[in-house]
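Q: Please take a close look at one helix packing in this model, and then follow it into its surroundings.

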Amino acid sequence: MASAAARERYARKNEAEDLTRAFNALDRKGDGKLDPEELQALFSALGHKPKRGEVEDLIWEVDEDCDGCISWQEFQRLYHRCRQDSTGYEPRGLFNVVEFVMNDKSGSGCISLEEALQIMYLRHGRAELDAKLEEVFGTADLNSGKTLSLTEFLACLHQNQYRQLHSAITSGEAPPRFLVSVAPETGMAERLTGLVTQLYMALLSGRALTAFHPDPDAVPPFSSACEYPLFNWSHPQPLPRAVYAPLLADDYQTFAQRRDAAAGLHALPPPFDESYQLFNLINASAPTTVWLGTTNLTGWPQERPGLAHAVVGSNRGATWKLANNAYHADDFWRLSLRPEEAFMCGFWALCRPNAEVQRLYARSVWGPLADPHALKIGIQVRFGDEVLNSDDDRAGEPKYGASLMSLATPFFECAAAIESAYSVPGQAVVWYLLSDSRELRRAAKDKFGDKLLTDTDSRAVHSSCRANTGKATRGKVMAGWACDPEATQRVMQHAVGSMLALSLADFHVITEASQLGRAAAALSGKWNNVHELTLGEASGCDPYTGAHPMMVALHGAGI
């Protein structure tokens, strides 16, 4: 059997040959230099669309003699500098492209997992080989058939760079630069949109995103429903109460006081002001979050770039604003993210539904909605906390269910119009209904029968325990006068599971005032198939004209 040294020599020999082959493949003119025109031709052939000026920047970063081209000598030096760099300071734009070309030995325009073995071995060594293949490809199984295009490969590398930064900060290998997300006492979907926005704030400002829960029994952490697929984003130690006290609901007597307090920066008492800065965006109005679309977040906060802990409380989403921020549009482009995709990608970077959520939803709900041949229409009707808290208490009232059905009629009429417009003869059609009223779900099931998929057993309960004020809903999550952690975690699992179920639909008919419906539609990837309706209005919808993705993203708590 060959020794480790022999395998290393063999790998290095292949590396030199692949480097020469990559240069010759790029040097289409055969003049011994790489110019922007040749690099652009490569990108076009591989289906990669760089931003204007990006090709010139890739060359400028490593063009030692400033002649606008890369010679063979410069090409070798840039490659070996990056290969040996452990600081992360070497420009890696062109190096990453070169690595892709080197490992696309078949010339197919994609690299397979098997082709990537060498690149991963040379970059990380044998001990980390399987783990790194898993990170980039999602599997280390050579028989998986998994491949990556250049665009996908570059996005994975950017993702891994942030994962490495996060690991260095949380382990103490790098100076502390945290963005600590403090969970607000609001609904799951509002918390989620705020959290995903904070992920991008952390990524753009070079901070490690972590989460802290002042009262995990009252506001269950996402870990009760999610596995963390990329990194552990639990904050490594408790925060001092003085740091997050202004975010707590019980520190305000009225909603107006809390709303007015959400003005951004909060001064903290010494000595906490030395290491912490609090940013309160809970219930922030749209003008309060405009700065996320206009501010350069590199090194944020600019007035305190060395700040150890930027503490943020937010239930407001701004991924669309961030992706269109002139300072950071290129950053999202390098991540291969359009504004419509930012929320979806951020969610999957933070959450993979855990075994319990899958047990509750995978077979009975997600299964029928995953049928690629069926037309799936998601209907989400939100009546609001008043109905949520009184639904079970009023279940026996005459005409209560009929009154709810009357209010929801435009939603069902819109679904019927979509079905008429897009279904084909013989095609299975599934309507999935999600609502904060169990009585509506039962009445709709009675009316529409097997075509309608919905939960007629579970009562809707607010995921923020103290927001449940009705007799039935409060009893569902309270043990005595305290929040029951087992019950609140189960509520969280249902909230995530039902949101993902709604996201599997091909078309979405949602309540404009509902953040859960908006989040599910954003996770679907079908951004032009969203129809927003206002509860209580008689207007239907045009099945051929959905709401504009930008408007959906900016409504309510935002996306």
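Which residues in α9 meet which residues in α14?

A: The model is predicted, so local features need pLDDT of at least 70 and side-chain atom pairs count only at pLDDT 80 or more, while totals for chains, interfaces and linings use all residues. Numbering starts from 1 along each chain as its sequence is written, and side-chain values use heavy atoms, with hydrogens and water left out.

From α9, L192, T193, L195, V196, L199 and Y200 meet A342, F343, C345, G346, F347, A349 and L350 of α14; contact means heavy atoms within 4.5 Å. Helices are DSSP runs of H or I with at least four residues, strands are runs of E with at least two, and both are numbered from the N terminus. The residues of this contact divide into eleven nonpolar, two polar and no charged. Here Ala, Val, Leu, Ile, Met, Phe, Trp, Tyr, Cys and Pro count as nonpolar, Asp, Glu, Lys and Arg as charged, and the others, Gly among them, as polar.

The axes of α9 and α14 (residues 339–350) are 9 Å apart and cross at an angle of about 90°. Axes are lines fitted to C-alpha atoms, for helices over the stretch in contact, and angles run from 0 to 180 degrees between N-to-C directions. The two helices, α9 and α14, are therefore roughly perpendicular, a term that covers 65 to 115 degrees, with under 35 roughly parallel, over 145 roughly antiparallel and the rest oblique.

α9 (188–205) also supplies at least two residues of the lining of the second largest pocket, as do α15, β12, α16, β13, α20 and α21. A pocket is an open set of points on a 1 Å grid over the protein atoms alone where a 1.4 Å probe fits, with protein on both sides within 12 Å along at least five of seven lines; lining residues have an atom within 4 Å of a point. The volume of the second largest pocket is about 1,100 Å³, taken as the space filled by probe spheres set on the points, which are joined across faces, edges and corners. Of its 43 lining residues, L388, A460, V461, A495 and L516 lie nearest the centre of the second largest pocket. α20 gives the most to this lining, with six residues. By class, the lining of the second largest pocket has 20 nonpolar, twelve polar and eleven charged residues.
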